[in-house]
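Student: I have a new structure to look at and could use a guide. Can we go through it together?
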Amino acid sequence: MSQPTHRPIRSFVRREGRLTTGQQRALDELYPLYGIDWTAASGLLDISALFARPAPLVLDIGFGDGEALAEIAVAHPERNYMGVEVYRAGTGRLLRRIEADGITNLKVLLADASELLRQGVPSASLAGLQLFFPDPWPKKRHHKRRMVQAPWLATVADRLQPGGFLHMATDWAEYAEWMLELTDAEPRLHNSHGGYAPDPGDRPGTRFERRGVRKGHDVFDLILQRHTPST
Ligand SMILES: C[S@@+](CC[C@H](N)C(=O)[O-])C[C@H]1O[C@@H](n2cnc3c(N)ncnc32)[C@H](O)[C@@H]1O
């Protein structure tokens, strides 16, 4: 008799067809230069070996086509950035941008971000984590697919250094409330705004944000800090 298979709940559905020759070439030629080789079997990343120069590391989850992430990395040369995506065409696009603009403080990782966070990112290793416009999974029966869940936030809190930040943004009001409730319940995360951040800080506009705004959606930013031992 066959055993029941236990499939993990994923926050994404792979809909991508074949890549164009150019997209495939970007992955083949540029991933070895600006990508990070990691699978769940690789275990914990050696953070100190990822970049030529040590600097506070910020993880960006689900960068899409990477336009906003590239802009952020250029605006913050004092930090290193690691972007994780499952969307190969977008990853190829960001790899091309890194090459064309000579960006040295940004690397990409093609993997499931939830797996990476759980199995690849060491405790207290991140200066920050960005989650901009995650898929909202609006139907109630799909809420379990949302990236932001209580266990995910507990893992985030563990991976952040004391004082490290979590910056999330969404244009889906009900997901914003969900994020607010769950972050309020995570004792290691502190919300100095007591609610939504009054402005997006230095977050540039993203493609998905523009799409939401065109549909008349409001945008919500949530910026939290991992407690320091004294707070
Ligand atoms: C709505 S898009 C937002 C893209 C970008 N942050 C922006 O604001 O333009 C969400 C992205 O998250 C990615 N994603 C969803 N689940 C993911 C996961 N578990 N690991 C990595 N990427 C994921 C999707 O492939 C998609 O590109």
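Tutor: One term to begin with: a polar contact is a pair of N or O atoms within 3.5 Å. Also, this is a predicted model.

Student: OK, which atom of Gly62 lies 2.7 Å from a nitrogen atom of the ligand?
Tutor: A backbone N or O atom of Gly62.

Student: Which residues come nearest to the ligand?
Tutor: There are 18 residues around the ligand, and Ser11, Gly62, Glu85, Phe132 and Thr206 come nearest. In the side chain of Ser11, an N or O atom is 2.7 Å from a ligand nitrogen atom. For Phe132, a polar backbone atom is 2.8 Å from a nitrogen atom of the ligand.

Student: Glu85 is on that list. What is the bridge partner of Glu85 in β3?
Tutor: Leu110. Strand β2, residues 80–85, runs parallel to β3, and five bridges join the two.

Student: What order do the strands of the sheet have?
Tutor: The order is β3-β2-β1-β4-β5-β7-β6, in an open sheet of seven strands with mixed pairing. The edge strands, β3 (106–110) and β6 (189–190), each pair on one side only.

Student: Now helices. Which strands does α5 lie across?
Tutor: Helix α5, residues 150–159, lies across β1, β4, β5, β6 and β7, at about 140° to β5. Helix α6, residues 173–184, lies across β5, β6 and β7, and runs at about 15° to β7.

Student: Last topic, the core. How many residues does the largest nonpolar core have?
Tutor: It has 58 residues, and Leu109, Leu129 and Trp152 have the most contacts inside it.

Student: What does Trp152 touch?
Tutor: Leaving out residues up to four places away in sequence, Trp152 touches Ile61, Ser114, Leu117, Leu129, Leu131, Met147 and Met168.

Terms used: Residues numbered from 1 in each chain as written. Predicted model: local features only at pLDDT ≥ 70, side-chain atom pairs only at ≥ 80, totals over all residues. Heavy atoms only, no water. Core = buried A, V, L, I, M, F, W, Y, C linked by side-chain atoms within 4.5 Å. Buried < 20%, exposed > 50% of the residue type's maximum accessible area, 1.4 Å probe, protein only. Contact = heavy atoms within 4.5 Å. Pairing = 2+ DSSP bridges. Helix = DSSP H or I, 4+ residues; strand = E, 2+ residues; numbered from the N terminus. Axes fitted to C-alpha atoms, helices over the stretch in contact; angles between N-to-C directions. Near = heavy atom within 4 Å. Polar contact = N/O pair within 3.5 Å; in protein donor to acceptor, adjacent residues only side chain to side chain.
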